[in-house]
Amino acid sequence: TGHFTYDPGFTSTGSCESGLTYIDGDVGQLLHRGYSIEDLAEKSDFMEVCHLLLNGELPTPKEKEKFVHDVTYHTMLHEQLANFYRGFRRDAHPMAIMCGVVGGLSAFYHDSTDIHDEHQRMVASFRLIAKMPTIAAMAYKYSVGQPFNYPRNDLSYAENFLYMMFAVPAEEYVISPTVARAMDRIFILHADHEQNASTSTVRLAGSSGANPFACIAAGVASLWGPAHGGANEAVLNMLQQIGHKDNIPEFIERAKDKDDPFRLMGFGHRVYKNYDPRAKVMQKSCHEVLEELNLDDPLLELAMELEKLALSDPYFVEKKLFPNVDFYSGIVLKALGFPTSMFTVLFAVARTVGWVAQWKEMIEEPGQKIGRPRQLYTGPTARDYVPLEKRG
Ligand code: CMC
């Protein structure tokens with residue numbers, strides 16, 4: 001019934017109008033509200049980028065102060081939510097815990113679940129951006145058997161996250177400005193990326209009128225997969241598996257082999273058919289961080305050699321497969337002290353602002369409809385029902 005276009009994977013379907021993020025995949029350009037990602041990563045900080053995505057403009061100094069206050073006001077998690085964590089196995093993947101706890105937020109913050117109330121939408125947005133680092137750090141602390149750290153509102157967003165992750169009661173935690181800046185930059189680089197799988201999931205969930213906490217939980221679930229946010233974890237595992245420069249050609253050959261499910265993780269993108277601009281910033285950040293922390297990670301050299309060999313291979317050239325944001329992010333995160341299993345969680349923390357801003361944009365659009373794709377039916381045609389005793 002009715003006519004529709006069959007477009008599996010939505011390779012040619014525009015699902016919405018949006019004023020947040022512009023990508024020109026052919027030249028490798030990414031803009032948020034008109035500002036280049038390079039400028040934002042170099043000159044701004046994550047709170048400013050959050051303000052920009054949510055409100056359309058970079059904040060004035062006064063607006064920034066208020067915005068930071070509004071976010072930090074909500075950093076604590078309902079004390080009862082700590083009980084959630086204790087129900088999980090210690091060896092649970094932190095993304096599994098994230099799916100559960102973020103989903104559980106709507107059971108706690110009833111006064112910000114009415115999507116038709118502008119004030120409640122705003123409070124829910126602040127709550128989600130503010131609480132994600134707390135939720136993420138608690139997932140980590142639970143997995144290593146250390147006490148949870150309460151957020152500290154005297155610290156910046158990135159510093160507070162590092163503090164909640166790595167501080168222990170027994171000793172003073174000194175936050176290195178280099179580490180905090182690198183963390184903040186990672187948050188900026190992952191803040192939004194138009195209609196990717198998780199953002200589209202958030203919009204689809206939200207199109208039914210579901211509350212924002214439930215919608216963001218759907219986004220977290222969608223982000224988990226290795227083709228999306230799980231790629232940063234998969235890249236590091238892949239580099240460790242490759243182990244030595246001499247093994248690179250073998251893995252490149254495997255990536256080209258259609259009978260082998262192996263792909264070069266951190267390579268290729270649905271929209272970028274050129275170098276992902278975020279990968280360039282990340283690569284630079286990678287060098288800076290390792291240098292300033294006086295670390296020499298052989299994985300960086302391995303990654304650069306892999307990039308060089310892949311980009312000189314006709315397969316990757318013809319298919320326009322370039323490094324994406326996640327190719328270098330894992331090496332930076334490792335240098336900052338994060339275990340591999342937390343990489344995708346960090347992506348979720350950073351992307352929350354994008355999810356929330358896109359959800360708000362959709363809800364505030366007049367005449368917005370429920371998302372409801374069609375399908376090509378491939379099952380049997382209508383047939384007569386056979387009673388149980390006559391089957392077989
Ligand atoms: N290694 C080897 N071959 C690849 C790769 C790769 N990483 N990526 C794509 N190809 C090939 C693919 O086999 C296909 O070949 P053919 O046309 O002969 O069938 C062609 O390139 C096009 O690939 P596709 O899978 O049709 O493209 P897509 O737009 O559906 O997929 C992608 C995009 C990102 C899922 C894919 O490139 C991929 O799996 N990359 C590795 C995972 C990864 O790094 N993901 C992070 C993406 S950036 C961060 C984020 O958004 O979360």
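Predicted model: local features only at pLDDT ≥ 70, side-chain atom pairs only at ≥ 80, totals over all residues.
Residue numbers start from 1 along each chain as its sequence is written.

**The annotated pair**
- An unreviewed UniProt entry carries the annotation "active site" for His269 and Asp326. UniProt positions follow the numbering used here, feature names are shortened, and annotations may be inferred rather than shown by experiment.
- The two are spread over 58 residues of sequence, yet they cluster in space, with a largest C-alpha distance of 10.7 Å.

**His269**
- His269 sits in the loop between α12 (248–256) and α13 (277–292). Helices here are DSSP runs (H or I, at least four residues) and strands are too (E, at least two), numbered from the N terminus.
- Why does His269 count as buried? Because 23 other C-beta atoms lie within 10 Å; the cut-offs are 20 or more for buried, 12 or fewer for exposed, and partly exposed in between, with C-beta atoms placed from the backbone.
- Leaving aside residues up to four places away in sequence, His269 touches Asp276 and Asn324. Contact means that the C-beta atoms of two residues, placed from the backbone, lie within 7 Å.

**Asp326 and its helix**
- Asp326 belongs to helix α16 (residues 326–335).
- Asp326 counts as buried because it has 30 C-beta neighbours inside 10 Å.
- Again not counting residues up to four places away in sequence, Asp326 is in touch with Ala231, Asn232, Val235 and Gly266.
- The helix around Asp326 is mostly covered, and 10 of the 10 residues in α16 are buried. Among them are Phe327, Tyr328, Ile331 and Lys334.
- What covers the buried residues of α16? The cover includes α8 (177–189), α11 (231–242), α13, α14 (298–311) and α17 (343–363).
- Just after α16 comes Gly337, with a positive phi of about 105 degrees.

- Three strands form an open sheet in the order β1-β2-β3, with antiparallel pairing. Its edge strands, β1 (21–24) and β3 (35–36), each pair on one side only.
- Strands pair if DSSP finds at least two bridges between them; β1 and β2 (residues 29–32) are joined in the antiparallel sense over four bridges.
- Tyr22 has Leu31 in β2 as its bridge partner.
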